[in-house]
Amino acid sequence: MIYLCTTAGFNLAMSLTIKPHLHHQNHRMHKPTSTNSRDWTQIYTVYGMEQWQTLLFLVFQATLFSIMSILFLLYYQPICQFLDTFFLLTATSSTGGGSAARFAAGFIGCVTALSAVCLFFAAGNFFYSSVGLRYEMAQRIVSCVNDWSNVKVALDIGCGRGILLNAVATQLKKTGSSGRVVGLDRSKGTTLSTLRTANVEGVGEYVTCREGDVRSLPFGDNYFDVVVSATFVHTVGKEYGHRTVEAAAERMRVLGEMVRVLKPGGVGVVWDLLHVPEYVRRLQELKMEDITVSERVTAFMMSSHIVSFRKPIQHILGPCEVRLDWRC
């Protein structure tokens, strides 16, 4: 119930906060062609899966509820008799107690079976979102940049196991570019495993990984031609709670850092969950151009969108304007 309310509120917020003049990128974000498509087993073999503990937890809970629902089915009559004994303590007649017991046993059995189905579905969606969908969305993010041949340096914030990072590197390789892509992550162990996956994909010479704080990127101003991120920004500030003012401020700092390290005319692309309206408003405040929001994509049982934007080549100061500070 809490999830349904959260999703409904997010969808309402999207309809209210995204301005009519913003582009919706249905026509630009093409789905991967057959040459880019890969079997999920190949993707899983190379990259594995992040947060596999969550998948195991969902599968365990689904199996537990399945066993409980089967037990309710096999031992329906004994359960009814047990509940009948309980209800007889307060019922005025044995008939009323028996009806209540059968209703209670049937209701609990149905809820248990439905919970098992929902948990299995959630586990399947989580696995698909972590492997197949993440790869597909990486191809869509890459397609948001029109010309990769002129890209010299790109940045992937929160690169994780490197699905998006290697997609960018593959695109650089296809276009014959001499550029490189830098993957930034909070864990040194993750960056080492990411370099291994880049070598497996044959793009190791295009990839550099380093550890760093995304709220204070260890790069100079106007450094990257392209900055991308996939399902990462919403995790920043989670120690404060996702819906707190402090967490929102931390996420806005990350957006400000993305804008700061982008070259004038550079392109930023963010695929994320839940907080897309916040990102759009902040990008509008920072005077970004060509802000584009994709259609809704369900990922990890939540709504997600891709937001792309371009940093202005030149910002002309009017009589009542002040110079923008990207550092939030």
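# Briefing: strands, core and pockets

Just after helix 9, Lys287 takes a positive phi of about 65 degrees. This is a predicted model. Strand 6, residues 262-273, pairs with strand 5 in parallel and with strand 9 in the antiparallel sense. The largest nonpolar core has 48 residues. The largest pocket holds about 920 Å³ of space.

**Strand 6 and its parallel neighbour**

- Strand 6 is mostly covered, with nine of its 12 residues buried.
- Strand 5, residues 224-230, is joined to strand 6 by six bridges, and the two run parallel.
- Within this pair, Val226 stands opposite Val267 of strand 6.
- From strand 5 the chain passes through helix 8, residues 245-261, to reach strand 6. This β-α-β crossover is right-handed.

**Strand 9 and its antiparallel partners**

- Strand 9 is largely enclosed by the rest of the structure, because seven of its nine residues are buried.
- Strand 9 covers residues 302-310 and is joined to strand 6 by seven bridges, running antiparallel.
- Val269 has Ser308 of strand 9 as its bridge partner.
- Asp272 has His305 of strand 9 as its bridge partner.
- Strand 7, residues 289-293, also runs antiparallel to strand 9, through three bridges.
- Glu289 is partnered by Arg310 of strand 9.
- Strand 8 is joined to strand 9 by three bridges, again antiparallel.
- Ala299 is partnered by Met302 of strand 9.

**Positive phi at non-glycine residues**

- Thr231 is not a glycine, yet its phi is positive, at about 40 degrees.
- Thr231 sits in the loop between strand 5 and helix 8.
- Is Thr231 buried or exposed? Buried means under 20% relative accessible area, so Thr231, at 10% relative accessibility, counts as buried.
- Phe300 is not a glycine either, and its positive phi is about 55 degrees.
- Phe300 lies in the loop between strand 8, residues 297-299, and strand 9.
- Phe300 counts as buried because its relative accessibility is 13%, and the cut-off for buried is under 20%.

**Helix 9**

- Why is helix 9 largely enclosed by the rest of the structure? Seven of the 10 residues of helix 9, residues 276-285, are buried, so the helix is largely enclosed.
- The buried residues of helix 9 are Val276, Pro277, Glu278, Tyr279, Val280, Arg282 and Leu283.

**Largest nonpolar core**

- In soluble globular proteins, nonpolar side chains tend to be buried together.
- Which of the 48 residues in the largest nonpolar core touch the most other members? They are Ile141, Trp148, Val168, Val181, Val207 and Trp271.
- Elements giving two or more residues to this core include helix 2 (40-47), helix 3, helix 5 and helix 6. Strand 4 (207-211), strand 5, strand 6 and strand 8 are also among them.
- Helix 5 provides the largest share of this core, 11 residues.

**Largest pocket**

- The lining of the largest pocket has 34 residues.
- Glu50, Gln51, Arg134, Thr231 and Thr235 lie nearest the centre of the pocket.
- Helix 3 (52-74), helix 5 (94-143), helix 6 (163-174) and helix 7 (188-200) are the elements that give two or more residues to this lining.
- Helix 5 gives the most, with five residues.
- By class, the pocket lining has 14 nonpolar, 13 polar and seven charged residues.

**Cavity**

- Rolling a probe the size of a water molecule over the atoms shows where empty space is left.
- How many cavities of 30 Å³ or more are there? The count comes to one.
- The largest cavity has a volume of about 40 Å³.
- Tyr47, Gly48, Met49, Glu50, Ser130, Arg134, Arg161 and Ile163 line the largest cavity.
- The lining of the largest cavity divides into three nonpolar, two polar and three charged residues.
- Glu50 and Arg134 line the largest cavity, and both are among the residues nearest the centre of the largest pocket.

Key. Residues are numbered from 1 along each chain as its sequence is written. This is a predicted model: local features need pLDDT of at least 70, side-chain atom pairs count only at pLDDT 80 or more; totals for chains, interfaces and linings use all residues. Side-chain values use heavy atoms; hydrogens and water are left out. Buried means under 20% relative accessible area, exposed over 50%, partly exposed in between (1.4 Å probe, protein chains only). Helices (H or I, at least four residues) and strands (E, at least two) are DSSP runs, numbered from the N terminus. Two strands pair if DSSP finds at least two bridges between them. A crossover is right-handed if, with the strands pointing away from the viewer, the path from the first strand over the helix to the second runs clockwise. On a 1 Å grid over the protein atoms alone, a cavity is a set of points where a 1.4 Å probe fits but cannot get out, and a pocket is an open set with protein on both sides within 12 Å along at least five of seven lines; lining residues have an atom within 4 Å of a point. Grid points are joined across faces, edges and corners, and a volume is the space filled by probe spheres set on the points. Ala, Val, Leu, Ile, Met, Phe, Trp, Tyr, Cys and Pro count as nonpolar, Asp, Glu, Lys and Arg as charged, and the others, Gly among them, as polar. A nonpolar core is a set of buried Ala, Val, Leu, Ile, Met, Phe, Trp, Tyr and Cys residues joined through side-chain atoms within 4.5 Å.
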